[in-house]
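Subject: Structure for you to look at

Hello,

Here is the structure I promised to hand over. Please open it first, then read my notes below.

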Amino acid sequence: MMNATSLTQSETELLAYVAAKNAETNARAKAEGWTFWGNIPDDIGYFRSIGVASVAEYEAWWDETYRQEAEKEERKSWFN
């Protein structure tokens with residue numbers, strides 16, 4: 001993770017949001033006995049590489065990514 005002094009306020013909030021979401025996922029996984037799961041990357045370099053600098057931008061990016069994947073799955077069903 002980068003030095004905290006090089007982060008903007010929005011990036012700091014984004015990393016705190018990610019840490020909280022990952023903690024929720026880890027707690028659920030432990031409680032439900034999962035054996036495999038993934039977490040959101042917690043490296044600001046990752047978020048910068050996808051053009052995301054805030055929680056709102058991350059949520060919008062995730063919504064768009066999910067929508068695109070759903071459309072791909074829908075198109076696959078047209079040919080089955």
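Y58 sits in helix α3. The model is a predicted one, so please read everything below as computed from it.

Is Y58 buried or exposed? Its relative accessibility is 8%, and buried means under 20%, so Y58 counts as buried.

What does Y58 touch, once its neighbours within four places in sequence are left aside? Y58 is in contact with L14, Y17, I40, F47 and V52. As for S6, its C-alpha lies 19 Å from that of Y58. In sequence, 52 residues separate Y58 and S6.

Now the aromatic rings. The structure holds six aromatic pairs. One of them joins Y46 and F47. Their ring centres are 5.1 Å apart. The planes make an angle of 75 degrees, and the pair is edge-to-face.

How exposed are these two residues? Y46 has 27% relative accessibility, so Y46 counts as partly exposed. F47 has 0%, so F47 counts as buried.

F47 also pairs with Y58. Here the ring centres are 5.7 Å apart. Why is this pair edge-to-face? The planes stand at 80 degrees, and over 60 counts as edge-to-face.

Where do the two partners sit? F47 is in helix α2, which covers residues 44–49. Y58 is in helix α3, which covers residues 55–78.

Which residues make up the aromatic cluster? Y17, Y46, F47, Y58, W61 and W62 form one cluster. Y17 has come up already, as a contact of Y58.

Next, the loop. S54 lies between α2 and α3, in the loop that separates them. Its relative accessible area is 15%, under the 20% limit, so S54 is buried.

Which backbone atom lies 3.1 Å from a polar atom of the S54 side chain? It is the backbone nitrogen of E57.

S54 has other contacts too. Leaving aside neighbours within four places in sequence, S54 touches S10 and L14. L14 is also on the contact list of Y58.

Move to its ring partner F47, then on to Y46. Finish at S54 in the loop between α2 and α3.

Best wishes

Technical notes: Residues numbered from 1 in each chain as written. Predicted model: local features only at pLDDT ≥ 70, side-chain atom pairs only at ≥ 80, totals over all residues. Heavy atoms only, no water. Phe/Tyr/Trp six-rings, centres within 6.5 Å; stacked < 30°, edge-to-face > 60°. Buried < 20%, exposed > 50% of the residue type's maximum accessible area, 1.4 Å probe, protein only. Helix = DSSP H or I, 4+ residues; strand = E, 2+ residues; numbered from the N terminus. Contact = heavy atoms within 4.5 Å. Polar contact = N/O pair within 3.5 Å; in protein donor to acceptor, adjacent residues only side chain to side chain.
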